[in-house]
Amino acid sequence: MTILVYETTLRDGMQGEGMFLSVQDKLVVTRVLDDLGVAYIEGGWPGSNPRDEGYFTEARRLKLQNARLAAFGATRRLSSTCDSDPNIQALLRAETPVVTLVGKACRFQVTQALGIEPQENLEIVADSIRYLKTRVDEVIFDAEHFFDGYADNPEYSLSVLAAAAEAGADYLVLCDTKGGAMTDDLQRAVLAVRAAFDRPLGIHTHNDADLAVANSIAAVTAGAVMVQGTVNGYGERCGNANLISVIAGLELKKGQRCLPEGKLSKLTHASRTLDEILNLTPKHNQAYVGSSAFAHKGGIHANAVMKDPRTYEHIEPETVGNHNRILVSDLSGKASVVMKARQFGVELAQDDPAIPVILEQLKRLENQGYQFEAADASFKLLVDGAKGRRPSYFVLHDIDVHVEMSDGTLDVHAFDCVSRARIKLEIGGVVAETKAEGDGPVHAIDKALRNLIDKFYPSLKKVELLDYRVRVLSSAEGTGSVVRVLIRSGDDVESWGTVGVSPNIIEASWRAMVDALEYQLVRDQVEAYV
Ligand SMILES: [Zn+2]
């Protein structure tokens with residue numbers, strides 16, 4: 001029995017603060033979700049948002065492999081017929097095989113929010129479903145506020161479900177719309193509904209009590225076969241149920257298949273890709289897929305994980321497409337250094353005499369603000385240095401940087417800037433000096449350095465700067481703050497990361513830049529000219 005995963009980032013997820021996707025972005029999200037293997041993708045609410053109509057026109061052309069597209073909308077208004085109701089007609093214009101209709105399943109909400117009689121609500125639910133059922137393949141009924149209604153007046157909430165079932169709804173989805181339900185109460189309600197209806201049930205939870213994932217899993221345990229939610233738990237207020245954790249939990253802990261064979265390992269990729277499209281920073285401590293989900297800090301843990309990962313890992317990270325990491329930290333012992341080095345492809349024996357030196361240097365550098373997660377090449381150079389395998393390719397004497405800015409003559413918002421650098425260093429037994437001009441001070445230094453050393457080490461001509469990032473580590477000192485510069489470089493073999501830290505951005509850049517060049521020379525065992 002496969003649990004049907006119903007993904008609603010494009011509709012309910014978009015209610016979250018700061019969420020925005022263009023039609024093009026939505027189509028990319030649709031492809032990512034289809035590739036993940038969810039059963040349904042809810043694309044939007046065509047009746048309330050004209051941009052969603054544009055999405056459906058485009059989305060119909062996508063050849064989806066796994067998912068069916070669903071359009072979402074509300075029951076018709078009391079005063080209109082389905083034929084004349086703009087909302088219902090917009091749903092039909094979306095031309096999706098599936099329509100999900102939301103209707104109130106709570107007496108209090110019907111009389112207070114809708115302001116109509118309880119009996120009238122039953123009629124519009126039944127009439128809307130009956131109308132749609134003859135016009136689309138599948139109609140899913142979202143019973144809004146079901147759990148609050150059931151706690152307050154169970155007879156009425158069940159009568160709404162009965163009206164939907166009789167009218168032909170294919171699934172009855174029980175919604176915890178305000179997200180405040182406690183797990184045991186919710187599970188009891190699902191069991192009661194299951195006993196009363198033969199129609200398949202779904203669950204739609206929100207995370208206002210931080211229980212959306214637990215509640216979704218509890219509902220499935222009680223017999224629900226469809227889970228609605230969003231990747232990463234996007235959604236209004238505290239979000240929808242995070243489908244990443246629901247899927248991983250059901251598949252790995254409850255033996256319930258949610259995705260097609262072989263798709264579970266795409267969870268991490270799907271999670272990070274959606275964050276990227278939405279311009280959100282992935283949560284490092286997110287369950288299952290976060291970069292820290294299987295990160296081990298401290299000697300004893302790292303040591304145990306190396307012997308057997310099951311000691312401190314609740315699942316094999318690879319099953320969800322993640323991997324473990326050993327954090328080298330103030331607490332780290334020898335085992336961490338060995339494990340860390342292995343992840344960067346460097347094998348160290350437990351009794352390697354370089355280990356205490358590496359440990360000592362890591363402690364000092366991490367204290368200064370260095371981090372090596374994105375700077376594999378700087379880490380390898382540090383190991384090579386500790387093992388006495390890092391030649392001196394040149395010796396720096398001094399650098400002079402000159403930046404001139406004068407008030408813009410072309411554009412009121414821009415200064416005319418000129419950056420010049422002069423470098424003096426010792427290479428090939430002589431002291432050499434050169435000057436260069438660049439777009440900025442770092443660029444000028446880079447050009448001057450290359451002028452001097454490229455002729456001695458011609459392979460460096462292939463090294464390209466791919467990415468340059470600056471991060472402020474402590475803002476207490478204002479413009480005197482310590483910064484960390486991360487540089488990504490590459491040649492025709494691979495790409496690598498290097499890092500430099502200093503209160504002076506030029507110095508931090510210089511350190512990361514020199515590591516970037518020396519890494520290639522050390523890797524290719526180029527002989528030094530000094
Ligand atoms: Zn919702």
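Rings of Phe, Tyr and Trp (its six-membered ring) count as a pair if their centres lie within 6.5 Å; planes under 30 degrees apart are stacked, over 60 edge-to-face and the rest tilted.

**Ground rules.** I am working from a predicted model, in which local features need pLDDT of at least 70 and side-chain atom pairs count only at pLDDT 80 or more, while totals for chains, interfaces and linings use all residues. I number residues from 1 along each chain as its sequence is written, and side-chain values use heavy atoms, with hydrogens and water left out.

**Aromatic pairs.** I looked up the ring pairs, and by this rule the count comes to 11. I then opened the pair of Tyr393 and Tyr457, which is edge-to-face at 5.3 Å centre to centre, with 90° between the planes. Tyr393 lies in the loop between helix H15 (376–386) and strand S11 (395–407) and Tyr457 in the loop between helix H16 (441–453) and strand S14 (464–472), so the pair ties together parts that are 64 residues apart in sequence. For helices (H or I, at least four residues) and strands (E, at least two) I use DSSP runs, numbered from the N terminus.

I checked accessibility next, taking buried as under 20% relative accessible area, exposed as over 50% and partly exposed as in between (1.4 Å probe, protein chains only). Tyr393 is buried at 0%, and Tyr457 is buried at 1%.

**Helix H17.** I went to residues 505–523, the 19 residues of H17, which span 27 Å from first C-alpha to last, close to the 27 Å expected (1.5 Å times one less than the number of residues). Of these 19 residues, 14 are buried. Asn504 caps the N-terminal end, with a side-chain oxygen 2.7 Å from the backbone nitrogen of Ile506. After the helix I found Gln525, whose phi is positive, near 50°.

Inside H17 I picked Ser509. Ser509 counts as buried because its relative accessibility is 1%. Leaving out residues up to four places away in sequence, Ser509 touches Val442, Tyr468, Val485 and Ile487 (contact means heavy atoms within 4.5 Å).

**Charges over rings.** I looked for NZ of Lys or CZ of Arg within 6 Å of a ring centre and within 35 degrees of the ring normal. The charged end of Arg11 sits over the ring of Phe72, 3.5 Å from its centre. Arg135 has its charged end over the ring of Tyr131, 3.6 Å from the centre.

Technical notes. Polar contact = N/O pair within 3.5 Å; in protein donor to acceptor, adjacent residues only side chain to side chain.
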